[in-house]
Amino acid sequence: ALREAAGFVLVLAVVACLVTLILGFLLAHGSGETGAVVTRHMWGAITLSILLMFALLLRQAGSAGISSRAYPIILGCSLLVLIWTTHQGGTLTHGSNYLTEYMPVPLKKVLAIGVVNAAPASNSFYAQHIDPIFDLNCVSCHGSSKTEGGLRLDSFAELMRGGKDGDVIVAGSPEKSVLFERITLPASNKHFMPAEGRPPLSSQQIAWIRAWIQQGASASATTLAGVSLPEAHKDLPLRPVPDYSALMPEIRAMQQGQGAKLNPVSSKPSDGLILNTVDVASTFNDAQLAQFQEFAPYIVEVELGRTAVTDASFGTLAKFTNLRAIHLEDTNVTGAGIQMLTGLSQLQYLNLSNTRVTTAALVSLQSMKNLQHVYLFNTPAQPPSKPDAQTVARSAR
């Protein structure tokens, strides 16, 4: 029965491989994709189709009583070609480093794989700000492994060389630059870039590209007139918390119980404790939070998401003077009394997503210079676009 099933699966494999080969060829031809990886992927599919057809013929010959020792060899070669061809497809879809991008750094060192993709060795505006935009949003379709329309954006030289339709950058004229035209089209337009369902560039990224082209599309200019870059925020050194070793028996008993728990950040008491309410989130309220004031000097993070706490919790949290992170997502807070948190000089992270907090309530947080990450998804105070976390924090201010 297994042998018969294996034969049936092999027939399906041949049919699927031929259909996939035809569709893949039409896709590459219709989209204008070229490049070494596209070619290798195509020839891998052709080779795999031929090997599978040979394997099917040899299997049928074996079923007819004709002995063939070549069948297992052909089948083994088919599996190897399948693995190789699939890797080429993964490279096309996810980039050449998809197998190693998230590999642990120690393992990268052992395998002698570059730990990071080095940026161009230049302090130019292009190297620092324009090239990273292309690398993040465009190179997967316009790089060395996959090249649509003959255009590559993985280096300044390739960018300025243009594609099969000519130059895409006209120095001094964004309006005449095809690349700028494509990234500013409506997302519904078939020529809009980035394509394939990727999110559009942010307004800031578009403004940078426009200014860079307008001022000569230089590879060496370090600044652009009218473009001011935010100064990189420097986090304050973390303040160590007092030693809570004497409270460990009580903390261990709490960890073994059914209620909220205090978990050490690390083996060093000076790193503090985390208040974890996941197991009792639906019943954990303001009164229960107040019971943890005994441990307030040692707690650096409170996880109150999806609990029953209200605006009354802000008065209690203000007494946790070493707090660095507060999770209040999916709670009933509205922001009334949130100004009590302004005395938390170590607070860096505040999650208020899926609450009723308003922009007016957040004005009081402007003085908190160390607060850099404020999340406001699905709230009345939600920013109009989808910026990164630090931009959300600035919008909240």
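**Architecture, surface and salt bridges of a predicted model**

Isoleucine 22 lies in helix α1, where helices (H or I, at least four residues) and strands (E, at least two) are DSSP runs numbered from the N terminus. The structure is a predicted model, in which local features need pLDDT of at least 70 and side-chain atom pairs count only at pLDDT 80 or more, whereas totals for chains, interfaces and linings use all residues. Residues are numbered from 1 along each chain as its sequence is written, and side-chain values use heavy atoms, with hydrogens and water left out.

Isoleucine 22 counts as exposed because its relative accessibility is 53%; the classes are buried for under 20% relative accessible area, exposed for over 50%, and partly exposed in between, computed with a 1.4 Å probe and protein chains only. The residue belongs to a nonpolar surface patch of about 860 Å², made by Val11, Val15, Val19, Ile22, Leu23, Phe25, Leu26, Met42 and Trp43. The elements that give two or more residues to this patch are α1 (2-31) and α2 (36-63), and α1 gives the most, with seven residues. Patches are made of residues with over 30% relative accessible area and no salt bridge, like charges being joined within 9 Å and nonpolar side chains (Val, Leu, Ile, Met, Phe, Trp, Tyr) within 5 Å. The protein as a whole exposes about 22,100 Å², of which carbon and sulfur atoms supply 60%; accessible areas come from the Shrake-Rupley method with a 1.4 Å probe, and for residues only the protein chains shown count as cover.

The protein contains 13 helices and eight strands, and buried residues make up 39% of its 397 residues. Among contacts (heavy atoms within 4.5 Å) between residues at least 6 apart in sequence, 56% join residues at least 24 apart.

An open sheet of six strands has the order β3-β4-β5-β6-β7-β8, with mixed pairing, two strands being paired if DSSP finds at least two bridges between them. Its edge strands are β3 (261-264) and β8 (373-375), each of which pairs on one side only, and the twist from one strand to the next averages 15°. Strand β7 (residues 349-351) runs parallel to β8 and is joined to β8 by three bridges, with leucine 350 standing opposite valine 374 in β8.

Threonine 316 lies in helix α11 (residues 313-317) and counts as buried because its relative accessibility is 9%. With neighbours within four places in sequence left aside, threonine 316 is in contact with Leu289, Ala290 and Gln293. Leucine 323 lies in the loop between α11 and β6 (325-327) and is likewise buried, with a relative accessible area of 0%. Leaving aside neighbours within four places in sequence, the contacts of leucine 323 are with Ile299, Val300, Glu301, Val302, Leu317, Leu344, Gln346 and Leu347. Leucine 323 and glycine 272, which are 51 residues apart in sequence, have C-alpha atoms 9.4 Å apart in space.

Salt bridges, defined by a side-chain nitrogen of Lys or Arg within 4 Å of a carboxyl oxygen of Asp or Glu, number six. Arg152, Asp154, Glu158 and Arg161 are linked in a network of such bridges. Arginine 161 forms a salt bridge with glutamate 158, the closest N and O atoms being 2.8 Å apart, and both residues lie in helix α6 (residues 156-161), three residues apart, about one turn of the helix. Arginine 161 counts as exposed, with 52% relative accessibility.

A further salt bridge is formed by lysine 261 with aspartate 279, whose closest N and O atoms are 3.2 Å apart. Because lysine 261 lies in strand β3 and aspartate 279 in the loop between β4 and α10 (286-290), the pair ties together parts that are 18 residues apart in sequence. Lysine 261 is buried, with a relative accessible area of 15%, whereas aspartate 279 counts as exposed at 58% relative accessibility.

Conventions: Axes are lines fitted to C-alpha atoms, for helices over the stretch in contact, and angles run from 0 to 180 degrees between N-to-C directions.
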